[in-house]
Structure formats: C-alpha cells, structure tokens
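Have the model open as you read.

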Amino acid sequence: MTVFHDTWDYLTTGANWRGDGKMLDLLLQQLLLSVTALALALLVGLPIALWLGHLGRGGFLAINVSNIGRAVPTFALLALFVTADPWPWLPYFPGTAEFGPYGRAGLATMMALALFALPPIITNSYVAVREVPADVKQAADGMGMTGWQKFVRVELPLSLPLVMSGIRLALVQVWATATIAALVAGPGLGRVITDGFFRTNYGKGIAGAVVVALVALLLEIVAALVQRALDPLPRESSRKRRRGMSEGGPSVSDDAEALGD
Amino acid sequence: MTLLVEAAAAAGPSCYSRLTNEWICGQYLTDRRDELVHATVQHVEITVASVLLGIAIAFPLALLARRLPRLESTVLGLSTGIYTIPSLALFPLLVPFTGLSAETVVIGLALYALTILVRAILEGLRAVPDDVRESAVGLGYGAGRLLLKVELPLALPVIMAGLRVATVSTVALTTVGSLVAYGGLGNLIKDGVQTNFRAELLAACVLCVVLAVVLDILIVLTQRFLTPWTRGAQV
C-alpha cells in the first residue's frame with residue numbers, strides 16, 4: 001500500500017514537524033485551543049450543573065441542553081461564526097480575525113468548541129450530583145450540615161468520579177472536533193488533513209489523522225491518570241472504573257451503583 | 001425575526017444579492033428550492049443509510065459480545081477507539097478505498113453510529129431482569145425465541161434511547177461529509193462559507209437542526225408505538 005508508505009514517510013520527515021505552520025506548531029495550537037475551550041465550558045457549565053444537581057431541580061433543562069447541543073452541528077456553528085460580521089463590542093468575535101496564538105478565526109473556533117463541550121459537562125455533572133444516594137444526603141442533614149457544607153463535603157467528593165468522566169469525554173471530543181476548524185481555514189491540525197486531501201496527497205492527510213488520533217488517546221490516558229490521582233475515594237473495583245472510561249450517559253448507572261456500595 | 005423577513009421582502013427580489021447579503025431571505029428559499037430540497041433529501045438518505053448500516057453491524061456484534069464475555073471489553077474498547085478518530089480524518093482515511101462517493105460518508109458515519117448502538121444494545125439486554133429470563137426459559141423458550149420475544153422487547157427502551165443519540169449525532173456529523181462533496185446540507189454550509197452567502201448558510205444550518213429534531217420525534221413516536229407498556233411509567 002503506497003498510501004501507508006507515504007504516510008510513514010511524511011511522519012518520519014523532520015521538516016514536516018518543525019517550523020512555522022508545520023505539524024508541531026499546529027499541534028500545540030490545537031492543544032491550546034482545545035484546553036482553552038474546555039476551560040471556558042467548565043467555567044460556565046460546571047457551576048450551573050453542580051448547583052442544579054445540588055438543588056435536585058432543573059433536570060429537564062440539564063438533559064435537554066445536551067440533546068439540543070447534539071443536534072446543532074459544530075461545523076454549522078463555526079460556519080455561522082466565521083461568516084458573521086465582527087461585533088463592535090467584541091472585536092475578535094465572530095469572524096475570521098487573527099486571535100493571538102490561536103490563529104485565524106481563533107476566537108470563533110474557540111467559542112464553537114466551548115459550546116460543543118457544554119452538553120457532556122452539564123449533563124454528567126448534573127446527574128453526578130443528583131445521583132448521590134438520598135440516605136447519604138439525609139445523613140448529612142442529620143449531622144446538622146448546612147446546604148453548602150453538604151455540597152462541599154458530601155456531594156462533591158462522591159460525585160467527583162462521574163464529573164471527571166464527563167470532563168474527560170469532553171476533552172477528547174473537543175480535541176477531535178477541533179480539526180473541523182480546517183473547513184473554514186481555521187487553526188489546528190485539521191489543516192494537515194484537508195491539505196493532504198485536497199491536493200490528493202493522501203499520505204499527508206492520513207498522517208494528520210494519525211497524529212490527531214494518537215494525541216486523542218494520549219489525552220485520554222493522561223486525563224485518566226489525573227482522575228485517578230484526584231479521586232478522593234480510591235475504589236477497589238477496577239472493572240467498573242474501566243467501564244466508565246469516556247462514556248456518555250450509559251456509565252451513569254454503573255457509577256451510581258458503585259457510589260451506593 | 002419577522003421584522004427581518006419583512007425588511008427582506010421589501011427590499012425586492014435581491015435580498016440575497018452580493019450587496020445586501022441578508023441572513024434571512026424568503027426569496028432565496030423560493031428561488032433555490034430545488035437545491036435545498038435536493039440537499040435535504042441527500043442528507044436524509046445518508047443519515048438513514050448510515051444508521052441502518054450501523055444497526056445491521058451493531059446487532060450481531062452486541063450479541064457476540066454478550067455470548068463471549070472476553071470479547072466484550074475488546075468490542076467496547078474498539079468502539080471507544082473509533083470515537084477518538086475525528087470525523088474530518090475518517091473520511092479522508094476511507095477515500096483511498098471507496099473514492100469520492102456517498103459510500104465513503106455512509107461507512108464513516110455508520111462506524112460512529114455503531115459505537116453508540118453496540119453500547120446501547122448491550123446495556124439494554126443486560127438490563128433485562130434475570131427472573132424474567134428464567135421464567136421464559138422455564139416456559140420452554142429457546143435461545144432465539146427468548147431473544148426475539150422476551151429480551152428484545154424489554155431492552156427496547158434503552159436501545160431506542162441509543163438510537164436517538166446515534167441518529168441525532170449522525171445528522172450533525174453528515175455535514176462534515178461536505179469534505180467529499182456528499183454532505184447533504186453540509187455542502188450548502190460549506191458553499192455558504194466559501195462564497196460568503198449568508199442566506200444559504202443560515203437556511204442550511206436551520207434545516208439541519210430541524211431535520212435532527214424531526215427524526216428524533218419520529219423515533220420517539222415509533223418507540224411509543226412499539227412499547228405501549230412504558231407509556232404510563234415513563235414520561
């Protein structure tokens with residue numbers, strides 16, 4: 001297969017990695033973009049979701065945000081942002097303006113990705129806090145904890161694993177989806193893929209795809225390690241932990257059971 | 001919204017001309033109706049074909065994974081792995097094999113749908129209570145009849161929930177198929193960005209979301225029809 005040979009050649013040529021606009025540059029750009037977008041989504045989504053979960057209300061909102069979010073293609077969102085005239089009160093957004101290290105259409109891409117990351121974060125965090133067993137909450141009430149104490153000392157530690165899985169899922173998805181920016185000539189590794197593809201240099205395109213997939217796996221592993229290090233309640237069952245790896249809703253019941261143990 | 005539409009109508013036939021380039025333009029919708037219908041039909045065809053192909057592969061895979069527990073983690077791991085490949089990368093990966101065709105998009109999207117569906121089918125079948133299964137066996141049900149008459153109907157709500165997620169994501173992901181010129185409404189979105197054609201862009205985006213919502217509702221209605229016993233309990 002010459003295609004794979006070309007891919008290998010492209011990946012092993014140092015000149016394709018180093019330099020302005022080359023793969024390493026684009027990789028860092030995309031990493032910066034993904035992490036910032038995720039941080040933005042966490043800043044907005046996490047407090048709302050955790051608070052709603054604590055109150056045990058607003059489930060309809062939390063779940064439907066996720067469903068609607070899934071229906072809006074990120075590509076469509078990005079296309080709308082890029083085509084719109086820049087707002088006078090937010091000069092880099094929307095539109096295609098260069099935005100510091102984030103590159104062309106940087107802010108528009110970041111916003112689109114942050115919106116994309118919101119649903120998994122909101123849904124998972126909401127469900128996580130909500131699913132803390134009722135008897136544990138009652139016990140906290142019985143000990144005379146205030147609402148805030150109950151939230152910080154009981155609900156948060158117990159829900160942390162599930163909240164973290166939501167963040168992990170969002171991180172990997174944001175990283176992979178960030179490549180779509182290339183469709184509007186935006187920043188990131190997607191450019192390597194589309195470039196190789198449009199110039200029928202499939203080796204280059206596949207090389208870009210391989211790098212993106214490998215970094216996605218790496219991010220998943222690093223995030224899993226961070227999660228394990230932060231887990232306040234080390235749990236013995238590794239099987240359940242593995243099953244909770246980057247899942248959406250389905251993992252909820254498993255982890256909820258684990259919490260109840 | 002209505003104000004904008006009226007303003008656009010008052011401007012005459014050229015509310016989508018280069019000079020005005022309105023976001024909302026009724027004239028565009030009537031003038032380019034064929035184009036819009038064609039793109040929407042293509043979008044629906046690709047989505048439906050992908051999800052059906054996904055189901056066709058997911059079912060045997062899930063049944064196999066259930067029979068052989070050792071295979072289960074492999075199947076789940078593989079399907080998680082597929083999800084880390086960005087859609088933008090998956091289509092170019094398939095092009096050397098399938099060319100610039102609708103098949104490329106359908107196969108790619110089916111792989112994504114598959115990952116959600118296998119999980120949903122496994123979860124659904126696992127959620128069937130053991131005593132129900134035992135009573136069926138006690139009544140003399142064989143493996144095949146047990147699956148079709150007892151397990152599948154009981155697993156249906158969970159499977160359908162997975163199907164909803166898969167379908168809605170597939171509608172959204174189909175737009176990326178514009179990379180190989182088979183993206184349904186995505187083609188119009190791409191064209192709208194490249195030529196700065198706002199009416200086309202917004203119309204395609206809105207149609208995309210509407211399509212996802214309509215398909216979602218259709219699946220919910222089908223589920224209600226197929227599982228009448230859940231109507232009272234869940235809502």
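## The fold of chain B

Chain B of this predicted model has 10 helices and 0 strands. Both kinds of element are DSSP runs (H or I over at least four residues for helices, E over at least two for strands), numbered from the N terminus. Read from the N terminus, the order is simply α-α-α-α-α-α-α-α-α-α.

Chain B has 235 residues, and 47% of them count as buried, meaning under 20% relative accessible area with a 1.4 Å probe, protein chains only. Take the contacts in chain B (heavy atoms within 4.5 Å) with a separation of 6 or more: 70% of them come from residues 24 or more positions apart.

## Where chain B meets chain A

How many residues does the contact take from each chain? It's 38 from chain B and 38 from chain A. Together the two chains bury about 3300 Å², 77% of it on carbon and sulfur atoms. That buried area is the accessible area (1.4 Å probe) lost when the two parts are put together, summed over both.

Salt bridges between chain B and chain A number 0, counting a side-chain nitrogen of Lys or Arg within 4 Å of a carboxyl oxygen of Asp or Glu. Elements giving two or more residues to chain B's side include α4 (69-83), α6 (102-126) and α10 (198-226) of chain B. The biggest giver is α5(B), with 8 residues. By type, this side of chain B divides into 25 nonpolar, 8 polar and 5 charged residues. Nonpolar covers Ala, Val, Leu, Ile, Met, Phe, Trp, Tyr, Cys and Pro; charged covers Asp, Glu, Lys and Arg; the others, Gly among them, are polar.

## A closer look at B:A65

B:A65 sits in helix α3 (residues 33-67) of chain B. Is it buried or exposed? B:A65 counts as buried because its relative accessible area is 0%.

Leaving out residues up to four places away in sequence, B:A65 touches B:E72, B:V75 and B:L122. B:A65 and B:V118 lie 53 residues apart in sequence and 9.2 Å apart in space, C-alpha to C-alpha.

## How to read the numbers

Residues are numbered from 1 along each chain as its sequence is written, and chains are lettered from A and ligands numbered from 1 in the order written. Local features need pLDDT of at least 70 and side-chain atom pairs 80 or more, while totals for chains, interfaces and linings use all residues; side-chain values use heavy atoms, without hydrogens and water.

Notes
Buried < 20%, exposed > 50% of the residue type's maximum accessible area, 1.4 Å probe, protein only.
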